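Have a look at the model first, then go through the points.

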Amino acid sequence: MNLSEILSLILSVLTVGLSAIAIIISLHQGKKQNQLALMERRLNLQQTARSLNEALDFKNRSVLESDLKNKDGKPLLAAEFSFVLMTNSVLLESIQETAYHPLESEYQNKFLKKLEELRMISDMFNSCFPEEIGKAYSDLTYLYVITLTKLYKYLVCLKSLDKEGININLVENNALEKRTREEYKTALNELLKKNDEIKKLDLYNKMLKLNKIC
C-alpha cells in the first residue's frame, strides 16, 4: 500500500469518525431539546394544576358546598357567583363574564373555545406526566369541563326563565330548572371528590418534585 492509499484510508476513517461524532452530538442535542420542551410543558401544566386546585379550595369551597347541599330544593340564586369563583384564575378569567351573559353569542363563543382548550390540557396531562399524576389531573381537568358546562346550562335556564318574566324566587317544581340544577350538582360533587383525592395523595407536591428532577 503506497502513501497515497494510506492517506486516503486515513481520510476515510477520519470522515467516518467525524460523521459518527456529529450524529452523537446531534442525538444528544435533540434529546436535550426534547427534555427542555417536556419541562416547559410540565411547568405550564403545573400552573394549570395550581389554578384548578386553588379555585376549588379555601373560601370558594364553602360556596360550592352550599350549592351541593341545596336542601330546600329551591333555585340556586348565587349560581352566577359560583361560576365566577370557579373561573377566578389567570387560566379562566377570560370567561368570567359568561356568567352574566349566558345567552349572548360573543360570550358563548369564548366559553366554548376555553372548554376546548381545557380538553386539550386534559390530554396533555396524560402525555406529560407519569400515570399517577397525569391521569388524576387529566380527570380533574375533564371534570372541570363537565361541571362548567352543566353550570353554564343552568345559568342559561335561569336567564331564560327570567327573560320569560318568571320570578325565579317563586320557581318551584319547574322540570327544566330542577333537572339542570341536579345535573350541575352531580358534576360538582364528582369534581370536588377528585380534587380531594388529589390533595390526599399530595399529587401537586409530587408534580413539583418531578419538575425539579427534570
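1. α5 passes α6 in a left-handed crossing (the near helix is turned anticlockwise from the far one by less than a right angle; clockwise would be right-handed). Their axes are 8 Å apart, at an angle of about 155 degrees; axes are lines fitted to C-alpha atoms over the stretch in contact, and angles run from 0 to 180 degrees between N-to-C directions. The two helices are therefore roughly antiparallel (under 35 degrees is roughly parallel, over 145 roughly antiparallel, 65 to 115 roughly perpendicular, the rest oblique). By class, the α5 contact with α6 has 17 nonpolar, three polar and seven charged residues.

2. Some housekeeping: this is a predicted model, with local features needing pLDDT of at least 70 and side-chain atom pairs pLDDT 80 or more, while totals for chains, interfaces and linings use all residues. Numbering starts from 1 along each chain as its sequence is written, and side-chain values use heavy atoms, leaving out hydrogens and water. Helices (H or I, at least four residues) are DSSP runs numbered from the N terminus. Ala, Val, Leu, Ile, Met, Phe, Trp, Tyr, Cys and Pro count as nonpolar, Asp, Glu, Lys and Arg as charged, and the others, Gly among them, as polar.

3. Now α4 (residues 105-128) and α5 (residues 131-163): they pack at about 165 degrees with axes 7 Å apart. That makes α4 roughly antiparallel to α5, and α4 passes α5 in a left-handed crossing. The contact divides into 10 nonpolar, seven polar and two charged residues.

4. How do α2 (residues 59-69) and α3 (residues 79-86) pack? The angle is about 140 degrees and the axes are 10 Å apart, which makes α2 oblique to α3. α2 also passes α3 in a left-handed crossing. N60, V63, L64 and D67 of α2 meet F81, S82, L85 and M86 of α3, giving five nonpolar, two polar and one charged residues.

5. The largest pocket has a volume of about 210 Å³. On a 1 Å grid over the protein atoms alone, a pocket is an open set of points where a 1.4 Å probe fits, with protein on both sides within 12 Å along at least five of seven lines; lining residues have an atom within 4 Å of a point. Points are joined across faces, edges and corners, and the volume is the space filled by probe spheres set on them.

6. Which elements give two or more residues to that lining? They are α1 (3-55), α6 (175-200) and α7 (203-213). The lining includes R50, E54, Y137, K199 and Y204, and divides into five nonpolar, two polar and five charged residues.

Terms used
Contact = heavy atoms within 4.5 Å.
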